Amino acid sequence: MTVKKKWTVIPGFLALAAAATLLSAYSGASSSQGLRVEQPVKFVHAPHVQKAGMNCLYCHSAANKSPDPGNASVATCMGCHTLVKAQSAEIKKVAAYAQKNQPIPWNRVHKVPDYVQFPHFRHVNAGVTCQSCHGQIQNQGAQGPDTNYVPVQQVNSLNMGWCINCHVQGYKPAEGARLAGEKVTPELEAMPPKKARYDCAVCHY
Amino acid sequence: MASVAHPVREGIRGPNIASADVQLPAVRDYEQVDRDIIATLGFTKKWFLGLSVAVLAMLIGASSWIYQIYWGLGQAGYEPPVMWGNYIITFVFWVGIGHAGTLISAILYLFRAGFRTSIYRAAEAMTVFAVMTAGLFPIIHIGRPWKFFWLIPYPNWRLLWPNFKSPLVWDVFAISTYLTISTTFLFIGLIPDIAVLRDKETNPMRKRILSILSLGWRNSDREWRHFAKAYLFLAAFSTPLVLSVHSVVSFDFAMALTPGWHASIFPPYFVAGAIFSGFAMVWTIAIPMRKWFKLEHYITLNHLDATAKVVLFTSLVVGSAYLIEFFIAWYSSVRAEQEFFWNRVFGQWWWAAWTLLLCNMAMPMSLWSQKLRRNPTWLFILSLFINLGMWFERFVIVVPSLSHEFEPWQWGHYTVSWVDMSFLVGSFGWFFMWFLLFVKQLPVMAIAELKEIVAPRMKHGHGHGHDHHHAGGHE
Amino acid sequence: MRGVTGAFHELDTTVAAIEDLKKKRLGDVTVYSPTIRHELDHAIDAPVSVVRRFTLVGGLLGVSFGYWIAIWSSNYWPLVVGGKAFASWIPYTIIGFEVMVLVGALSTVAGMFINSRIPRLTTTTGYDARFSGGYFGIFIACDAAKADQAEALLRQHGAAEVRREA
Amino acid sequence: MTTEAGTGVKRREFLKILGATGATTAVVGCSSEKVGKLIPYVTSPDNTVPGVSQYYATSCRECAAACGVLAEVRDGRPIKLEGNPEHPLNRGAICATGLAGIQGLYNPDRYRSPMVREGNALKPTTWDKAYELLAQKLGEVKSKGQAGNVVFVNQHETGTFPGFLDQWLKEQGMPAHLSVDSTAPIATIAANQKAYGTAWPALNFSAAKLVVSFGADFLDGWGHSVPQQLDWADARSKLDVAPRLIYIGARRSLTGLNADQWIAAKAGSEMAICAALAGTGSAAAAAEAANVPVATIEALVKAVADAGNGIMALCGVTGNDAVECGVMVAEINKKGGAVGTTINTAKAHGSYTGLASYADLAAAVKNMDAGTVPLAFVRGANPAHTMPKSAGFAAAFAKVAFKVSFSSMPDETAQMADLVLPDNHWLESWGDAVGENGQISLQQPTLDPVFDTRSTSDVLIDLAKKDQALAAKYNVADFRTWYISKFPGGASGFATALTKASVAGAPLVATTTRTLAATATPVAEGAGDFFVQVYPSPTLGDGAGANKPWLQELPDPVTKIAWQSWIEVHPSTAKKLGIKEGAHLTIETAAGKVTAPAYIYMGVRADTVGIALGQGHTAYGRFAQNIGVNAYDLVSHGWDSAGGLAIGSVKGKVTVSADSSPLVTTEGSARQHGRGIAQAMTLAALLGQEAEDEHGHHNIPGLPSQDFRTGLKAPIAADAQGEYANPLAKDKGMYDAGHSSKMESRRWAMTIDLARCTGCSACVTACYSENNIPTVGAPYQGRALSPVTWDERPGANIIKGREMAWLRIERYYEGNENTENEFSPDFETRFVAMMCQHCGNAPCEPVCPVYATYHSPDGLNVQVYNRCVGTRYCSNNCPYKVRYFNWFGYGEPERRQYAWPEPMHWGLNPDVTVRGKGVMEKCSFCVQRIREAEHRARAEDRDLNPDEFTVACAQACASRAIIFGDAADENWTVSKLAYDRRAYHVFEELNAYTAVVYLKKVNYPAPAAPATA
């Protein structure tokens, strides 16, 4: 009898191995999901978006007209911050860069490999909300730069299966709106999912 | 009967015994079998020397692989349009060698060929190691070896699967299946023999290991009954497998439209060539082994004679395939084909083509003479030439075809580099390393099966009555 | 398990003993032999091994899986190569065949293992190291009562050695 | 290197290459294995969008023609040059030399700061120190009253700068500068001035019935090749009324190979032939002199007569009597009444105004040698390399007390200088250029200087400011402000002019004109039984292009040799002297000797050997140094009556050496072996007057049902799915006609018109530039010959056949099979551009085990680099052999084979992945341009417009032979051409359904002679 038990271990082990494979295969486990990098300046999105009510395009001005979303120039920062919170430690850093006429060397968080062509504007113009890919970015740093500060984090795996899934199943406007914290109107709910091309040469060339 | 106590001296002009009927007159009883075979396992200085040479060669190959991965394939001799070279040639070469083993153990088993009994274990081991060697080369050959696993179908987050229409994916399936099956076949055959070693072993540590390896084999009638059936079905599966594997390898070429590749004769032609080269390698291994391990009265001249007949036959098959290729090229009236084949024998590659014709077509004709068939020295020399010839056969298939394709502007040449060569050396090192390790750990002959054709003790009735209809049979 | 083991040096005596034992019905008989001898098979004449069923089922599973994975995956993400159909069954026959051989053969081995109860690392009563060498062995599983009878029978058939297994 | 903030996001800096990504993240493939930097602007420049290209109109200064170009600038970096479609001169076309301007800009060997001589070495210094030193020297010279002896040698250019410079020199009391151009056809210019009264009349090919070229390589380097090629191709494409071309000369140049007839006249016999044509000499005498059959000359005379005012005779002869010859050739045109029809003197070109002759330069060298020159400036020009040794420039220049170079490259002359004030590259500086007379095109910087360099015009102003006397006159910030202040309409006028390709106007300071006349100093013909033809390289010119790997890697259009010097000998000569290809030949002339491997070429006379200029640099950077030989060493120091160097009439001895070296060539077999790759038909056949010729329809017998229909099968589904696709397949995905992606409704395709293609190969370089194709021939890129030694021969990888050109020009010969036994001029050449054919039933696709190559719904044969594992099976199965493999990490900065040493990688195209080692690559039909166009259309919410965009090769092509577009939409040009009468597919019997349709070449056999198509 004990012998029998011994042998039942084998199929059990196999099943376990299979499960592990599938898990690593389909979860973002193998991607840089959750990547979080310390930044030269403890930038906080929340106040800008929520308090100041700035639009994403104010800083990422090219997001709707270029493959490259662009990033605020130091001058743009100083545009407000010469007055606003000018005394805060972090702003002082920014001011220092402006002084030296140097760009801020931000560390890249969301990154697709170089052999992937990702045109931001096609997605933005199709109505895909920023949050659909970047998560609750508008709340980042709500705690402020000082106490338990959380830098920008990659919430989605951004791996190929993740992209393809949306391209094939289609982007659901209602879902996107919900993520963006906008109110979900019945029209949105009614909208059919926006499907996209999934030919390799759409992203890889 | 006493005359057979010591090895028999068989005359050069021995009786022409039918291959099915080859027997072991010089082997008296079961105990002798155990004694003689187990005697081969003792370590010797010569063996250590041979092993260290093999390991050294293997290391040369390994280090050049690291070097090549760092720099890129440019360090090999590739010269576009010759995009395949030494690695694919050597791959096909080793796969070919890997065919004799399973052929002997499976096909000849079904055909009840008596002479297989004493050579099949060595041949099977050779097969496994040859395929292990061959299997490395596709990986060595590709540009990004670290991505090789993309050829294997497994669920992945890219949601991508391999292209099952590609002959290379067929290869992956064929080669891995073949490796698995021939390894299994080898091991199953080994189980009773390991049991023998186990029961003779005195060293408790080794005894423990051996009893694990023997899976607790007890030689009970039930075990034998299922064993026999399983062995039969394995043989039945392996038989078409052997034929399929090299056919699939030949598809790598036949499925392409390259002149000199795009030929429907390739599968049978490759299989025959594989068996041909396989048997040659069996000689290369068995003849010295027979001498050093004093197994002359297990691998008798009759055995060699029988194998020589197989080699002669396959040589004729391969030879006619060569000639048919030329005929078809002429008959097709496709100019590209015709020009290519002309170029193959009279153009820039004449030396390679003639080497292969000499080694594979001309020299084996010597085996029409029984005198030479029963001359181990000659067979050994011949085997080396056949191995060379078969390497060049693959060279002639791969390189000249690619260098002389449809587009004249892109006609080119090919020369191997030192990196290519070190891989070739390395592959032999790798192969012999495994084989040498094998011969000193496990019996190079199937003890249990030898006992089948050795007469059992009888109280009354005929002494050494061999029941021929059952020779080698398990039922 | 208790019983009697007899070691024989000759084949014909072993055969005789087996046949006799089967007439006497003293208990389950296990025969050990260094190799396969048809004489023994005849004497024992056991039912045909069921391994072949494992082979059949394995083969069928293999071939269907082979075809399925190829066809399913090429329709899962349809990409045209060389103007061929997404799922072209002719080339997929090769996949089908290879997987058939693989699964078929492995399940054959599995069948053999299961039916002959190996691997088994526990010691067996009635086995003797000689049985893998030159001797044939017969083990009769029986209680003390029948044991004397069995022992006698074995000796009468000229067993080289007879041993009681307790 | 200056990492100037403000030039914006350094896309290049974090565009890591595929291989690296693949290597470091073997399993994952997509992860930030190395956190990249995200560098924003300090201050965003207005009107630029990160990641979107802007196009700046400027003028190409690679040669005197000054075509209009558009510089594609991405994130502050020019990444590609394109012809300006609005420019009247080049109308959107551009040549290889022009395209390679980018590599001049980003050349890693450029001077990175001013240099001053300390001992025998040049040491970096600052601009202030340099100015101080120079100002002091100027002071000395003037105080000593030697200003009159100062020499300023400038690379010939047109526009305001020459006048501005002369003005400056005048104020310093110095003589006007010498504007030299060693490749300018000085004799022809002089002759034109004599005969037509203008330096360079426009050549109106479309009016011509017969073009007779006396060694004038008008398709490649002689005059203004791009506009000439445009007009020539347009004329030839009017098939039935197209001009015939007869080429007269001892060597068949590219133009010669395009000619319908080659009269292989002995060098120096042109005068005699002209005489015969002019009627002043007999055909017999001419035939005698030229060593050709009398019948040929008689036929020529007749043909010329028949042509009437449709005759166009051009003279490119160089030699003692080149000018006289030029005048006589002009007489032929006048006699035929062609002036005004084919020779358009009204529409003359001003690019040669102010050109100084070789004789002028020689005079200056003489003064230097006399030691009377206290101060010499050299800018752009490189006399140390482009003057014959016998001119003794090096020795003379060494005697100059203080030598200043403005060169931005460490060339031979700059290396001798005492002070180097590196000039900006033309893509970094302001200026203007004269086009057709009365037109100027402006030149504007496209980025901040890459290195610490300054444009010479600014330097002149700065120096003037340091001089009290002049400071007032030059009270401007820099040349730009000065220029705007003088520009008609001032700032606003300038601003509007900048947006235009070319505007009516003249240089703001008139250029000092020179008359090209000198007392001829004839060159002694010299001993030896071979005429030596020394000619400027079509790719490298006189050597100025040698520092650009694109140009080194571009096979010479005629010989297909790269990264090397070679000596052309005729097969019959080779047989006679036992010369094998690659055997080292030594040519020895009165002037000197050179040794180079032999190239056996049936386009030279049996008594002639040919050798190209351009190689043999002893300095000039890693890509030029120690490659080949300098053919100027063969040329004697002497000139014709216009002062042009008499290159033409040299004789020499040829000796064969035992040793040899392989030719760095991309040529396999120059014969088609009847495979119908480059097909042609005679005009008669086209007009249906005679039967279709050799490759009519079946070059391989097959079932009629298997015949391939002309043009393309449309709609695309038929191709993508092929005949044998399963119509019952449930989900055809994007291959379904009704699919939302609408990809399936397009069929990208291309036509290549062999009647237009001249084989100039500009498309090849355009492809390199657009698609980040690595150059592999540089000496440092070789492979290991043993664990310790590397193959450092130039072009080592190309000798191994490993060039990466996605697009290649194949040059096939027809006829003349027996030429190694006897010389015969009657052979035809066909150029065929070969790139991925994007087959509908592509053989390469099914063999790939991982779907790295497949057929996309819009008709592309896609290669997915990041999926490729590098089995190379696809290449084996490709009948066209257009797939290329990354044998080394050409794209990996840490490998020695890296193709873009800093800062050359700034010129990479960010839209195209840089391939790592171990992956296959090939022509993608510029898929990045297709996608970009689709993005644009989508953003503007419209569909693609017909012919809205095109691929890089088609865009550059100066003969408009390549047309790209959507064959499924009949509004695109390509869909019409694909069904042309001359359309065919290469290897159509292989049933691959290619998307590239070739249009047969049309041959114009001499009326008398039999058809040689």
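Trainee: Which residue of S17(D) stands opposite D:Met115?

Mentor: Strand S5 (residues 115-118) of chain D pairs in the antiparallel sense with strand S17 (residues 419-420) of chain D over two bridges, where strands (E, at least two residues) and helices (H or I, at least four) are DSSP runs numbered from the N terminus. Two strands pair if DSSP finds at least two bridges between them. In S17(D), the residue that stands opposite D:Met115 is D:Val420.

Trainee: What kind of model is this?

Mentor: Residues are numbered from 1 along each chain as its sequence is written, chains are lettered from A and ligands numbered from 1 in the order in which they are written, and side-chain values use heavy atoms, with hydrogens and water left out. Local features need pLDDT of at least 70, side-chain atom pairs count only at pLDDT 80 or more, and totals for chains, interfaces and linings use all residues, for this is a predicted model.

Trainee: Which strands are the edge strands of the open sheet of seven strands in chain D?

Mentor: The order of this open sheet is S6-S5-S17-S16-S15-S7-S8 (chain D), and its pairing is mixed. Two strands pair on one side only, and these edge strands are strand S6 (121-124) and strand S8 (178-180) of chain D.

Trainee: Which strands stand at the edges of the open sheet of three strands in chain D?

Mentor: The order here is S18-S19-S20 (chain D), with antiparallel pairing. Each edge strand has a single partner strand, so one side of each is left without a neighbour in the sheet, and the two strands concerned are strand S18 (431-434) and strand S20 (503-504) of chain D.

Trainee: How many residues of strand S30 of chain D are buried?

Mentor: Strand S29 (residues 808-814) of chain D pairs with S30(D) in the antiparallel sense over seven bridges, and D:Arg808 has D:Met834 as its bridge partner in S30(D). In a regular strand the side chains alternate between the two faces of the sheet. In S30(D) both faces are covered, with D:Glu828, D:Arg830, D:Val832 and D:Met834 on one side and D:Thr829, D:Phe831 and D:Ala833 on the other. Buried means under 20% relative accessible area, with exposed over 50% and partly exposed in between (1.4 Å probe, protein chains only), and for strand S30 (residues 828-834) of chain D the number of buried residues is seven of seven.

Trainee: What area do chain B and chain D bury between them?

Mentor: The contact, which means heavy atoms within 4.5 Å, takes 60 residues from chain B and 78 residues from chain D. Buried area is the accessible area (1.4 Å probe) that two parts lose on being put together, summed over both. Of the area buried here, 56% is on carbon and sulfur atoms, and the total that chain B and chain D bury is about 5,600 Å².

Trainee: How many salt bridges does the rule find across the interface of chain B and chain D?

Mentor: A salt bridge is a side-chain nitrogen of Lys or Arg within 4 Å of a carboxyl oxygen of Asp or Glu. The side chains of B:Glu79 and D:Lys800 meet in a salt bridge, at 3.2 Å from N to O. Across the interface of chain B and chain D, the number of salt bridges is four.

Trainee: How far apart in sequence are the parts that D:Arg756 and D:Asp234 tie together?

Mentor: The side chains of D:Arg756 and D:Asp234 meet in a salt bridge at 3.1 Å, N to O. D:Arg756 is buried, with a relative accessible area of 15%, whereas D:Asp234 is partly exposed at 31%. D:Arg756 lies in the loop between strand S28 (748-753) and helix H26 (762-771) of chain D and D:Asp234 in helix H8 of chain D, so the separation of the parts in sequence is 522 residues.

Trainee: With which side chain does the side chain of D:Gln229 make a polar contact?

Mentor: D:Gln229 lies in helix H8 (residues 225-237) of chain D and is buried, with a relative accessible area of 3%. A polar contact is a pair of N or O atoms within 3.5 Å; within protein, one must be able to donate a hydrogen and the other to accept it, and residues adjacent in sequence count only if both atoms are side-chain atoms. At 3.3 Å, the side chain in polar contact with that of D:Gln229 belongs to D:Thr758.
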